[in-house]
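User: I've got a model open and want to talk through how it packs. Can you take me through it?

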Amino acid sequence: MPDEKQPGSQRLLHTAKELFRSFAYGGNAKTPGRPRVGLALAGGFARGIAHIGVLRVFREAGIPVDVVAGTSVGGLIGAAYCAGTSLEKMETVARTTKFSDFGRWTPSWLGLATNQRLEEYLNRLTPAKRFEDLEKPLALAATDINAGLTVYYHAGPLGPPLRASCAYPGLFVPIHYEGRTLVDGFLTALVPIEGALLLGAELIIAVYLEAGAVGEPRTFTDILSRSFNIIQKHADLEWRRNIDVIIEPDVTGFVWDDFTKTGEMIRAGEEAALKALPAIRAALESKTTSTNL
């Protein structure tokens with residue numbers, strides 16, 4: 001079940017938020033007395049491994065997560081997390097990951113590779129095939145390349161929306177699904193806060209992975225990636241004003257396709273999450289108080 005996000009349509013977003021709060025996934029109830037916590041996970045290719053470190057700190061600190069929204073690799077980590085996959089298993093799989101596990105070079109006019117193998121890769125993390133199989137509500141962000149809008153998927157098959165969310169323009173060919181031509185969600189939902197709102201989140205924690213330039217570009221994809229990064233840095237960052245807490249792991253020193261630095265990226269996520277814990281606890285306390293008034 002897709003939901004479109006039109007730029008600036010706050011009334012639509014508010015209406016959707018209220019609608020889905022009551023029955024998303026049959027109504028995953030929050031703990032009485034505290035706000036429904038949503039986690040918005042940004043993309044970043046291999047840098048997304050840092051999300052595992054953030055989730056590990058949340059587990060140890062007892063920070064609740066009721067719903068998750070993900071863009072690109074944030075959607076992949078989010079799907080595994082919402083399916084109940086252990087963080088230890090995620091780390092083990094990440095340490096052995098290589099590009100050919102989810103991508104296959106098939107140069108065409110629409111892209112250099114296909115990410116069809118991503119569905120098989122997801123099977124290494126969870127047997128879940130549908131959103132309804134997950135233990136927590138999940139929304140995946142993709143971009144309708146023709147309409148220029150974000151489309152959020154939160155019901156039905158997991159595979160096609162996940163592939164769409166990870167279909168980096170120019171690198172992977174677009175995904176044709178339900179009458180749409182879809183590419184990576186980062187184009188219109190760099191940090192997918194609207195997806196968390198659609199699932200009823202009342203307090204939103206965002207994890208943003210800023211990319212850095214590591215040495216001279218080596219390939220066409222390096223040029224493409226850095227070009228998009230520059231655009232993002234100069235883009236409207238309104239999303240920062242609409243969330244409660246931002247976690248920003250320092251992953252600028254990691255190359256987009258280097259999965260050999262798994263341990264270091266997980267530590268970067270842990271360090272950033274630890275620094276954010278006071279702000280998270282303060283936000284929880286503040287919104288718990290206002291909820292009980």
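Analyst: The largest nonpolar core has 95 residues, and F58 and I205 have the most contacts inside it. Such a core is a set of buried Ala, Val, Leu, Ile, Met, Phe, Trp, Tyr and Cys residues joined through side-chain atoms within 4.5 Å; buried means under 20% relative accessible area, exposed over 50%, partly exposed in between (1.4 Å probe, protein chains only). Bear in mind that this is a predicted model, where local features need pLDDT of at least 70 and side-chain atom pairs count only at pLDDT 80 or more, while totals for chains, interfaces and linings use all residues. Residues are numbered from 1 along each chain as its sequence is written, and side-chain values use heavy atoms, with hydrogens and water left out.

User: Which helix gives the most to this core?

Analyst: Helices (H or I, at least four residues) and strands (E, at least two) are DSSP runs, numbered from the N terminus. With 10 residues, the top contributor is helix α9 (residues 262-292).

User: What is F58 in contact with, leaving aside its neighbours within four places in sequence?

Analyst: Contact here means heavy atoms within 4.5 Å. With those neighbours set aside, the partners of F58 are L39, I63, V65, I205, I247, A273 and I280.

User: Are the faces of β2 covered or uncovered?

Analyst: Strand β2 spans residues 37-41, and five of its five residues are buried. In a regular strand, side chains alternate between the two faces of the sheet. V37, L39 and L41 sit on one side, G38 and A40 on the other, and with all of them buried, both faces are covered.

User: Which residue in β11 stands opposite A40?

Analyst: β2 also pairs with strand β11 (residues 203-207), parallel over five bridges. Opposite A40 stands A206.

Definitions and conventions
Two strands pair if DSSP finds at least two bridges between them.
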